[in-house]
Amino acid sequence: MADLNPQIARDLELQDAPAHGAVITGVKPNSLSDQAGLQVGDIILDINKKPVRTAKEASKNLKRGTNSLRVLRGQTTLIVFMDSANAG
C-alpha cells in the first residue's frame, strides 16, 4: 500500500483521481486483501467511514473484526468488507 500522489495517479492512468487516499500496490494470494477482492490499483477512500488520506492512516483505521472499505476502482466506487477476525 502506498500514499496516492500525482505520479501514482498518472502511472495508473487515473483520471479525476481523488486528492488523497491509499493505493493498493500488491495483493498476496489468500491474504485478507485477496479474500476481500481488493486489486492492485484500488484506492482506499475510507475505512469504517473514517477518511483515509495516507497508507499509514489506512493501516491505523483497520480494526479487528469486520471492516467496511470504500474503494475507488477505475471510475467506480465500491464498498468492500474485510473480515480480520481470524487474522493472525
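The model is a predicted one. Of its 88 residues, 32% count as buried. Charged side chains number 11 positive and 9 negative. The centres of these two sets lie 9 Å apart.

The protein contains 3 helices and 6 strands. Read from the N terminus, the order of elements is β-α-β-α-β-β-α-β-β. The radius of gyration is 12 Å, close to the 12 Å given by the globule rule for 88 residues, so the protein is as compact as a globular protein of that length. Along the principal axes, the C-alpha atoms fill a box of roughly 35 × 25 × 20 Å. Contacts between residues at least 6 apart in sequence were also examined. Of these, 38% join residues at least 24 apart.

Asn30 is not a glycine, yet its phi is positive, at about 65 degrees. Asn30 sits in the loop between strand S2 (22-23) and helix H2 (32-36). Its relative accessibility is 64%, above the 50% cut-off, so Asn30 counts as exposed.

Lys49 also has a positive phi of about 65 degrees without being a glycine. The loop that holds Lys49 runs between strand S3 (43-47) and strand S4 (50-51). With a relative accessible area of 77%, Lys49 is exposed.

Key: Residues are numbered from 1 along each chain as its sequence is written. This is a predicted model: local features need pLDDT of at least 70, side-chain atom pairs count only at pLDDT 80 or more; totals for chains, interfaces and linings use all residues. Side-chain values use heavy atoms; hydrogens and water are left out. Helices (H or I, at least four residues) and strands (E, at least two) are DSSP runs, numbered from the N terminus. The radius of gyration is taken over C-alpha atoms; the globule rule is 2.2 Å times the number of residues to the power 0.38. Buried means under 20% relative accessible area, exposed over 50%, partly exposed in between (1.4 Å probe, protein chains only). Contact means heavy atoms within 4.5 Å. Lys and Arg count as positive and Asp and Glu as negative; His and the chain ends are not counted. The place of a charge is taken as NZ of Lys, CZ of Arg, CG of Asp or CD of Glu.
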